[in-house]
Amino acid sequence: MTQSHHQISYTQMPKLTYIDLFSGAGGLSLGLKHAGWSPLLSVEIDKSAGETYRKNFPNTDLYIDDINNLSLKKYKGTVDLVAGGPPCQPFSVAGSQNACKDPRDMIPQFIRAVSEVKPNAFLMENVAGLTTKRHSVYLNKAITALEELGYMVKAKVLNAADYGAPQDRFRLIVVGTKTEGFQFPRASYGVNARYEYVSAGDALNNTPEDEPNKAIVTFAKNPVLRPSPWAGMLVNGGGRPINLQQPSQTIPASAGGNRTHILDRDGVLLDYHRYLSSGGKPKSGLVEGVRRLTVRESARLQSFPDEFVFLGTRSAQYRQVGNAVPPKLSKSLGNKIKKMFA
């Protein structure tokens, strides 16, 4: 009798389901899955990213094509969550910021998907640049359109490092629910939080062997000196040395070549920064003792587990890693949204 009662009281409720739009390699999906959600469908236009998703989520339906060609009406009323990160190039401070004039702007398609599926909640991720004065009118129009579909909408910029990713990565998160009460997860890492930030150095310890990055590191002919040795431009390309005592800089989708960040365990560039700061003349040639991050190291800084497999060319793999939502961040969001269904 006691055993039967125990079994009944711990009966699990059915898994909550979601659709992942613009899924990329699957960082958002992985975090949601770790939070207990079940993926029904993934939509991704990039073939290599789609194949990576298929490899890691073999039991999920996958649509590798333009979302403009896909109707989601058949999922109406059967999905708990529509999630996705519409392409962010139109709003990224690293791009031309053409917003709605940019044909890559897929936010209208995300809104269409929500209107067709009518899920109980949605989760949209984008770059923090969408909140700037330049784009605020557009963001507010998008939020209004989602509210008119019957959702209570909240938007906030979150840093992935605050949720356990060993990387400073600020992203706009927009969540809509049918009922009131959703609150964004509190930071669990960092100053005055439960845990200390996960440093890049700790995250990169014992990383599995991977194909070396062949992009060389040379001293910049005209170095740009900043007070911080982790900023400025001391070497060729946009990649910078990583401070191993802190979360790393944002991993860019353009990594793979000279924009890949640099692993400098012996402090070679730290010493060079001191040398320049004290009036030393710029050096030339190869920087000995440093190298650029591998794909697996980049994935570690995005909080992907080592068993997550990336497919495609090396440059495609770097792009997949850099475009991903850190799974640690999406898991925190997935756990918080799940509480709205209790």
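Predicted model: local features only at pLDDT ≥ 70, side-chain atom pairs only at ≥ 80, totals over all residues.
I started with Ile337 and looked up what it touches. Skipping neighbours within four places in sequence, Ile337 is in contact (heavy atoms within 4.5 Å) with Trp37, Leu81, Ala121, Leu123, Val175 and Phe182.

Residues are numbered from 1 along each chain as its sequence is written, and side-chain values use heavy atoms, leaving out hydrogens and water.

Next I checked the cores. A nonpolar core is a set of buried Ala, Val, Leu, Ile, Met, Phe, Trp, Tyr and Cys residues joined through side-chain atoms within 4.5 Å; buried means under 20% relative accessible area, with a 1.4 Å probe and protein chains only. The largest one has 46 residues, and Ile337 is listed with Trp37, Leu81 and Leu123 as having the most contacts inside it. A second, separate core has 30 residues, including Tyr138, Leu139, Ile143 and Val174.

I used a 1 Å grid over the protein atoms alone: a cavity is a set of points where a 1.4 Å probe fits but cannot get out, a pocket is an open set with protein on both sides within 12 Å along at least five of seven lines, and lining residues have an atom within 4 Å of a point. Volume is the space filled by probe spheres set on the points, which are joined across faces, edges and corners.

I found one cavity of 30 Å³ or more. The largest cavity holds about 50 Å³, and its lining includes Met233, Leu234 and Arg240.

Last, the second largest pocket: its volume is about 300 Å³. It has 13 lining residues, and Pro185, Arg186, Ser188, Ser332 and Asn335 are the closest to its centre.

Conventions. Buried < 20%, exposed > 50% of the residue type's maximum accessible area, 1.4 Å probe, protein only.
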